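Before reading on, please look over the sequence and the fold, and keep both at hand. The report below goes from pockets to cores, and then to a few helices and a strand.

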Amino acid sequence: MIVSPNSRRLRIFGGIAILGLIATYVHIRPQWNQAPFEYARDYYQSVTSYFGDSVYNNTLYTEGNEEIVHQYYNSSAPCASFPNTDGVLLVMKTGATEAFDRIPTHLLTTLTCLPDFLIFSDMEQQVGPYHIYDALAEFEESAKAHNGDFDLYRDQKECPVSQKSCVDAKRDGQKAWNLDKYKFLPMMEQTWRMRPGRDWYIFAEADTYVFWANIIHWLKKESRLNPREKLYLGSRSFIGGTPFGHGGSGYILSGTLLKHLIEYHPGVVKQYNVKGANECCGDLMLAQALEEFEDVKVRQTWPMINGEKPSTLPYGPGHWCEPILTMHHMNAEEISTVWQYEQTRKNDRILMIRDLYEGLIKPKMQVSRSNWDNLSDDVCYLNPDPDAQELAEGHFRERQKKEDEMNDVEKDAWKSWENCAKVCESQDVPDEEEWDLQNLITRKDDEPSSANDTEIAEDTSPSDAAAREAWKKSMNEKKRNRSCFQYRWHEEVCCTAKSFKLGAPKMAPDSSNPKARWMSGWHLKGINDWIDATGECTKPAWKTPET
């Protein structure tokens, strides 16, 4: 085949061009690692690496909970074990002044796996793709016009910047509280209109945490409750003798009850909108409406529906093997932490209150903390001096133990935090090893020692074995009945608690007066004794709602 001169020239030029490109690449390649490209390249790699990696160190993994949580946090499939929530709707209530502080964390955690939910506030807002509805949008103008509780509602609409900026400038948080009570009944009406026909409606605040695996399992399987009945479940509180489900703890209405309230009594919302000016709280008004129009009262579901959070839960008798459905007063960091704990637990059994202690609180427990309040206030010991008694808060005076009922340790408890700590120590009971020691001590002094001395605890005498078992049973009973787990001392007031809580820090006093310091302590031996004597939770202690 004869190649034309033009074709030959093109091949030669093409080869030269390729060699030139290779030479150019070899020349400039080393400069790629130099500025100004280096920063851009490293930034690109760090960003793509961050978003591409879904496995991180589990920041909850620490000494003391290695057997409870995984060392690494795999966030690639957060909804893998999420329960089927068909027939159940979450309705969350917030306020315009707090929505952007609280709602985003929920959207990243507790709400991320829900196929549907509603968020209500006192102003229509948008958080990314999520809409927040104004619960008061249809509130009668005549009822709002001369009601000072609605000043904030009007001010919010006139705020030209972020709501937080306007509120921070005025520093009046009470107005948000005053307005909040009016949202409850209108929220019921809008919820039924927008999402009718569900089996269960779970109402929660923006600082409420819902344990979805537990609550769905309980509602659909364990509780044996029928959503076709008129049911109102919550953590029961009382105001003026009226029982109501505490709003912050969360409460549950059956679909049948919500339907009856809204469809069969069309005037109920307007009636209570007017009544709100003379009532303190929206959750109370809801209970009043349910009792007045449907003859339904709240069924006590505490401590599963709970108003505390991990650091304030009273761990111990009554708060141990019980499953947890909700918690309250949770800030954004605490919500994220509990979600992370649920995601990284090593087992998928029903989460009990005990699990929260062992996974989140136990690793942080220590003998004492200065400038700390661990919320001990079940039994108090005060300076008996009349002037000191007069200065003490009434709450402490009401809970102080009578002098004729106190032992010598308790009579001195108020004098110092060291003395206060001895109250719990005085309830200690001997361990099993002390039985062995006592047997050695009671041997006759002139009895020759033998090779069996170190094995005296294994004496095969039936009478000795029975006595040992009876003694052990008696000691375990005393450990289970312990009534002092921790103490708090401040201003010559010593208070102890019948449960164990972590609590929160207190500001260090300005004064150099040692009495002004807050001292809190935990009797770890007594706590561990109680846990050991109580034994494993063989099954969850589900609560049957009480009327």
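Helices (H or I, at least four residues) and strands (E, at least two) are DSSP runs, numbered from the N terminus. This is a predicted model, in which local features need pLDDT of at least 70 and side-chain atom pairs count only at pLDDT 80 or more, while totals for chains, interfaces and linings use all residues. Residues are numbered from 1 along each chain as its sequence is written, and side-chain values use heavy atoms, with hydrogens and water left out.

The protein chain has 21 helices and 21 strands. Of its 547 residues, 45% are buried, where buried means under 20% relative accessible area, exposed over 50%, and partly exposed in between (1.4 Å probe, protein chains only). Among the contacts (heavy atoms within 4.5 Å) with a separation of 6 or more, 73% join residues 24 or more positions apart.

**Pockets**

Rolling a probe the size of a water molecule over the atoms shows where empty space is left. Here a 1 Å grid over the protein atoms alone is used, and a pocket is an open set of points where a 1.4 Å probe fits, with protein on both sides within 12 Å along at least five of seven lines; lining residues have an atom within 4 Å of a point. Grid points are joined across faces, edges and corners, and a volume is the space filled by probe spheres set on the points. In the classes below, Ala, Val, Leu, Ile, Met, Phe, Trp, Tyr, Cys and Pro count as nonpolar, Asp, Glu, Lys and Arg as charged, and the others, Gly among them, as polar.

| Pocket | Volume | Lining by class |
|---|---|---|
| Largest | about 650 Å³ | 16 nonpolar, eight polar, four charged residues |

The largest pocket, with a volume of about 650 Å³, is lined by 28 residues, of which S81, F82, E342, Q343 and D348 are the closest to its centre. Helix α13 gives the most to this lining, with four residues. The second largest pocket has 27 lining residues, and K93, W177, D180, E205 and D207 lie nearest its centre. Both α7 (174–180) and α12 (282–294) supply at least two residues of that lining, and the largest share, three residues, comes from α7.

**Cores and helices**

A nonpolar core is a set of buried Ala, Val, Leu, Ile, Met, Phe, Trp, Tyr and Cys residues joined through side-chain atoms within 4.5 Å. The largest has 67 residues, and L90, W212 and L356 have the most contacts inside it. A second, separate core of 32 residues includes L185, L258, M285 and A287.

In helix α11 (residues 268–275), V268, V269, Y272 and N273 are buried. Seen down the axis of α11, these buried residues fall within an arc of 135 degrees, so they line one face of the helix; the arc is that of the directions from the helix axis to the C-beta atoms. On the other side of α11, K270 and V274 are exposed. The cover over the buried residues of α11 includes α8 (184–194), α10 (255–263) and α12. Helix α8 is itself mostly covered, with eight of its 11 residues buried, among them L185 and W192.

**A strand residue**

R236 lies in strand β10 (residues 236–239), and at 23% relative accessibility R236 counts as partly exposed. Leaving out residues up to four places away in sequence, R236 touches P243, F244, V298, Q300, E546 and T547. R236 and V298 are 62 residues apart in sequence, and 6.7 Å apart in space, C-alpha to C-alpha.
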